[in-house]
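Reader: Could you walk me through some of the labels attached to this structure? I'd like to hear what stands behind each one.

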Amino acid sequence: MLRVMAGVLALCAALAATAFAQSDPTLTPVWNLTTGFAAPESAYYDAASDAVFVSSINGQILEKDGNGYISKLTPAGAVVSEKWATGVNAPKGLRSARGVLYVSDIDEVVGFDIASGKLASRVKIDGAQFLNDLATAADGTVYVSDSAALKIFEVRNGKASVFVEGADVVEQPNGLLVDGSRLILGTIGPAPQPGAAGRGRGAAPPSGHLYAFDLKSKQRTLITSQPVGGIDGIEPDGSGGLVVTDVIGQRLLRVSRAGEVTVLAKFTAGGADFGYVAARKLAIVPFLFSNSVAAYDLTAALK
């Protein structure tokens with residue numbers, strides 16, 4: 001299943017490369033690190049510690065091999081510790097809350113104390129199949145998407161439960177962001193249907209949407225009717241809109257408050273779940289299949 005999913009992503013990226021205009025803007029990296037990472041899936045900036053954390057799968061995305069690790073960087077691109085935290089399998093989404101860095105790891109949410117790098121918590125989620133991105137709320141609640149089970153789980157006080165699932169999730173879930181009183185969801189595209197025929201040659205790549213769930217009522221709102229892409233990372237743009245990575249289309253996008261989508265940059269590879277230093281308008285993008293992490297100054301792009 002793992003190799004098939006990787007192959008599908010690679011195929012979709014190839015299709016997308018021919019589907020989007022060659023005139024899409026490009027950005028020159030402020031810095032680019034090409035060693036020390038092994039299938040980096042997520043980058044996250046923790047403002048309290050002024051540190052960037054990067055998760056490396058270092059193996060198959062659903063294999064419990066214990067090979068995964070988390071690196072610690074400075075926003076300027078210096079490596080503080082290549083293997084700041086270990087003891088995980090295939091770590092993906094990263095977010096912090098109350099001094100703890102949380103990471104999704106196949107069927108667990110694992111927490112590391114940011115001050116020491118030591119293991120702080122480990123919560124097994126029953127029924128989880130492919131935990132992907134996660135987000136944290138001010139009260140310490142962790143929300144995590146399951147791209148295979150088509151669910152969003154929440155972890156509160158060490159206990160896991162389903163936040164939304166099935167038809168309420170609408171499409172195949174991936175990127176998450178807690179934005180005030182709502183949970184933003186970015187999808188990869190329509191949920192795969194059991195027994196459905198494969199995609200034909202020349203078919204357009206799948207494209208997801210952005211939704212918002214009220215954290216209390218769980219009421220769902222469509223943020224943009226436009227298909228946004230294979231959404232992975234989601235961050236606020238500082239003006240009421242969002243910046244997202246389209247991992248399948250190999251693009252960095254801005255979604256305005258009104259739901260309009262514009263291309264900020266076209267990459268040569270699929271940028272995954274990115275981190276964002278808001279004060280410097282710096283996007284830190286991991287490139288899963290090229291084992292690299294690069295930073296981009298978005299000051300001019302976000303004007």
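**Labels and their cut-offs**

Author: Let's start with lysine 124, which counts as partly exposed because its relative accessibility is 47%. Before more of that, the ground rules: this is a predicted model, where local features need pLDDT of at least 70, side-chain atom pairs count only at pLDDT 80 or more, and totals for chains, interfaces and linings use all residues. Residues are numbered from 1 along each chain as its sequence is written, and side-chain values use heavy atoms, with hydrogens and water left out.

Reader: Why does lysine 124 count as partly exposed?

Author: Buried means under 20% relative accessible area, exposed means over 50%, and partly exposed is what lies in between (1.4 Å probe, protein chains only). Lysine 124 has 47%, so partly exposed it is.

Reader: What makes aspartate 107 and lysine 124 a salt bridge?

Author: The term asks for a side-chain nitrogen of Lys or Arg within 4 Å of a carboxyl oxygen of Asp or Glu. For aspartate 107 and lysine 124, the closest N and O atoms are 3.7 Å apart, so the pair qualifies. Aspartate 107 lies in the loop between strand 7 and strand 8 and lysine 124 in strand 9 (residues 119-124), so the pair ties together parts 17 residues apart in sequence. By the way, strands here are DSSP runs of E with at least two residues, numbered from the N terminus.

Reader: Which residues are linked with aspartate 107 in a network of salt bridges?

Author: Lys64 and Lys124 are linked with Asp107. The side chains of aspartate 107 and lysine 64 meet at 2.7 Å, N to O. Lysine 64 sits in the loop between strand 3 and strand 4 (68-73), so this bridge ties together parts that are 43 residues apart in sequence. Aspartate 107 itself is buried, because its relative accessible area is 9%. A search of the whole structure finds 11 salt bridges.

Reader: How do you know whether arginine 122 and glutamate 108 are buried or partly exposed?

Author: Arginine 122 has a relative accessible area of 38%, so partly exposed; glutamate 108 has 14%, so buried. These two also form a salt bridge, with the closest N and O atoms 3.1 Å apart.

Reader: On to the rings. Why is the pair of phenylalanine 53 and tryptophan 84 called tilted?

Author: Rings of Phe, Tyr and Trp (its six-membered ring) pair if their centres lie within 6.5 Å; planes under 30 degrees apart count as stacked, over 60 as edge-to-face and the rest as tilted. The centres of phenylalanine 53 and tryptophan 84 are 4.7 Å apart and their planes stand at 55°, so the pair is tilted. Phenylalanine 53 is buried because its relative accessibility is 0%, and tryptophan 84 is buried at 14%.

Reader: And what makes the pair of phenylalanine 163 and phenylalanine 213 edge-to-face?

Author: Their planes are at 80° and their centres 6.2 Å apart, so edge-to-face is the label. Phenylalanine 163 lies in strand 13 (residues 159-165) and phenylalanine 213 in strand 16 (residues 210-214), so the pair ties together parts 50 residues apart in sequence.

Reader: Last one: why is threonine 187 called buried?

Author: Threonine 187 is at 0% relative accessibility, so it counts as buried. It is placed in strand 15 (residues 182-189).

Key. Helix = DSSP H or I, 4+ residues; strand = E, 2+ residues; numbered from the N terminus.
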